[in-house]
Amino acid sequence: ISVDAIDEQMIGRALDTGDQLDPDLIIRTAGEVRISNFLTWQSADSELIFVDVPWPNFYKANLARAIDDFRSRTPSFGVVDHDKAKEA
């Protein structure tokens with residue numbers, strides 16, 4: 001492989017998940033507020049939701065709330081709103 005042939009798409013295709021779409025949403029259960037290297041490359045643009053409910057107790061209602069939260073968000077696609085950043 002030449003150095004010039006290495007790009008984001010080539011690396012993505014070489015991963016075990018290369019034939020799948022990257023996740024839009026990752027739900028982390030059990031009150032953990034980290035992704036623990038889970039799909040590190042693939043989750044770069046994913047929305048993250050952290051819930052206190054442990055996985056065995058994560059039911060349809062929890063999923064419905066997470067999806068509602070996800071749908072209410074406006075994705076930035078990596079673009080920073082400098083006005084909002086100044087307010088924070």
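User: Which residues make a nonpolar surface patch of about 260 Å² here?

Analyst: Nonpolar side chains (Val, Leu, Ile, Met, Phe, Trp, Tyr) are joined within 5 Å, and like charges within 9 Å. Accessible areas come from the Shrake-Rupley method with a 1.4 Å probe, and for residues only the protein chains shown count as cover. In this structure, Val33, Leu48 and Phe50 make the patch.

User: What should I keep in mind about the model itself?

Analyst: It's a predicted model, in which local features need pLDDT of at least 70 and side-chain atom pairs count only at pLDDT 80 or more, while totals for chains, interfaces and linings use all residues. Residues are numbered from 1 along each chain as its sequence is written, and side-chain values use heavy atoms, leaving out hydrogens and water.

User: How many helices and strands does the chain have, and in what order do the elements run?

Analyst: Helices (H or I, at least four residues) and strands (E, at least two) are DSSP runs, numbered from the N terminus. Here you get three helices and two strands, and going from the N terminus the pattern is α-β-β-α-α.

User: Is leucine 48 buried, exposed or partly exposed?

Analyst: Buried means under 20% relative accessible area, exposed means over 50%, and partly exposed is in between (1.4 Å probe, protein chains only). Leucine 48 sits in strand β2 and is partly exposed, because its relative accessibility is 31%. As for the whole chain, 12% of its 88 residues count as buried. The chain's accessible surface is about 7,400 Å², with 54% of that belonging to carbon and sulfur atoms.

User: Which residues form an aromatic pair, and how are they arranged?

Analyst: Rings of Phe, Tyr and Trp (its six-membered ring) pair if their centres lie within 6.5 Å; planes under 30 degrees apart are stacked, over 60 edge-to-face, and the rest tilted. Searching the whole structure turns up one aromatic pair. Tryptophan 55 and phenylalanine 58 form that stacked pair, at 5.9 Å centre to centre with 20° between the planes. Tryptophan 55 counts as exposed because its relative accessibility is 60%, whereas phenylalanine 58 is buried at 13%.

User: What does phenylalanine 58 touch, leaving out residues up to four places away in sequence?

Analyst: Contact means heavy atoms within 4.5 Å. Phenylalanine 58, in the loop between β2 and α2, touches Ile27, Thr29, Val51, Val53 and Leu63 with that exclusion. Across the chain, residues 24 or more positions apart account for 37% of the contacts with a separation of 6 or more.

User: Where is asparagine 62, and is it buried or exposed?

Analyst: Asparagine 62 belongs to helix α2 (residues 60-72). It counts as buried because its relative accessible area is 13%. Leaving out residues up to four places away in sequence, asparagine 62 touches Val53 and Asn57.

User: What is the phi of asparagine 37, and what is the phi of leucine 39?

Analyst: Asparagine 37 isn't a glycine, yet its phi is positive, about 60°. Leucine 39, also a residue other than glycine, has a positive phi near 50°. Asparagine 37 lies in the loop between β1 (25-28) and β2 (47-50), and leucine 39 is found in the loop between β1 and β2. Asparagine 37 is exposed, with a relative accessible area of 66%, while leucine 39 is partly exposed at 25%.

Terms used. Patch = residues over 30% accessible without salt bridge, like charges linked within 9 Å, V, L, I, M, F, W, Y side chains within 5 Å. Salt bridge = Lys/Arg side-chain N within 4 Å of Asp/Glu carboxyl O.
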